[in-house]
Structures are given as structure tokens and as C-alpha cells.
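Let's walk through this one together, starting with the overall fold and ending with a couple of side chains. Here it is.

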Amino acid sequence: MVVAGTAHLVNLVDVRPGRAALAVFALGVPGLVRGGPLAAAPMGAAAAVVADDLGERTMLGDTGAHALGAALGVAVAAGNGRLGLTLHAAALVTAAVNGGTVSRLARSPV
């Protein structure tokens with residue numbers, strides 16, 4: 001649930017250049033701070049593509065956003081206990097239910 005939900009969330013915010021990568025950075029920082037090495041992989045991948053994505057030379061699209069989100073979801077799932085997974089799952093369900101609002105907020109200028 002957490003892996004698929006995180007993949008869906010990152011894809012929801014991928015409505016403008018750089019938004020998916022920025023979401024991965026924001027969501028991955030707590031994992032890095034806690035010392036979770038798995039969070040470094042999706043953050044590194046996002047860092048590798050963010051300049052071209054922001055410059056509109058390339059785009060992540062659904063496949064790239066889902067892949068980054070799934071990798072981040074794996075880090076979340078591996079780095080949390082039962083309570084953490086329950087809270088993450090609840091937040092992801094809330095974001096999915098309010099998907100239109102999440103996408104609309106991501107569309108607004110930075």
C-alpha cells in the first residue's frame with residue numbers, strides 16, 4: 001500500500017516541470033535524517049534529472065514519476081514500524097481521495 005500510494009502521490013504532483021523531483025526531495029529528507037540509506041537512491045535519481053526537467057529539455061512523465069515514487073515508497077516501508085506505516089498509509093489514502101486538490105495545488109506557481 002505504501003509503495004503504490006507513494007508512487008501515485010508523486011505522479012499526482014507531476015503536473016509541472018520539477019514538481020515530482022521536488023516532492024521526492026521533500027519526502028525523502030526525513031529518511032536521510034534518520035539514517036535510512038534507501039532514501040538516498042530516489043533522491044539521487046531525482047537530483048540527476050531535475051535540471052533537465054526544470055529546463056523542459058526532458059520530462060519524467062508517468063513512468064518516471066511512478067518509478068521515483070515507488071523507490072521512495074520502498075524506503076518509507078523499510079524505515080518505519082507498524083505505527084509509521086499506518087500513518088503513512090492514512091496520509092496517502094487522504095492524498096488519493098483528494099487527488100484533484102493535490103494536483104491543483106501542485107499546478108500553482110512556485
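With 110 residues, a compact globule would have a radius of gyration near 13 Å, and the protein chain agrees at 13 Å (taken over C-alpha atoms, with the globule rule being 2.2 Å times the number of residues to the power 0.38). Keep in mind that this is a predicted model, where local features need pLDDT of at least 70, side-chain atom pairs count only at pLDDT 80 or more, and totals for chains, interfaces and linings use all residues. Residues are numbered from 1 along each chain as its sequence is written, and side-chain values use heavy atoms, leaving out hydrogens and water.

The chain has six helices and zero strands, counted as DSSP runs (H or I, at least four residues, for helices; E, at least two, for strands) numbered from the N terminus.

Now look at the loop between helix 4 (61-78) and helix 5 (82-97), where asparagine 80 sits. A polar atom of the asparagine 80 side chain lies 2.8 Å from the backbone oxygen of valine 76. Not counting residues up to four places away in sequence, asparagine 80 touches Arg34, Leu85 and His88, with contact meaning heavy atoms within 4.5 Å.

Finally, there's one salt bridge, defined as a side-chain nitrogen of Lys or Arg within 4 Å of a carboxyl oxygen of Asp or Glu. Aspartate 52 and arginine 57 form a salt bridge at 2.9 Å, N to O. Aspartate 52 counts as partly exposed at 32% relative accessibility, while arginine 57, at 56%, counts as exposed.

Terms used:
A polar contact is a pair of N or O atoms within 3.5 Å; within protein, one must be able to donate a hydrogen and the other to accept it, and residues adjacent in sequence count only if both atoms are side-chain atoms. Buried means under 20% relative accessible area, exposed over 50%, partly exposed in between (1.4 Å probe, protein chains only).
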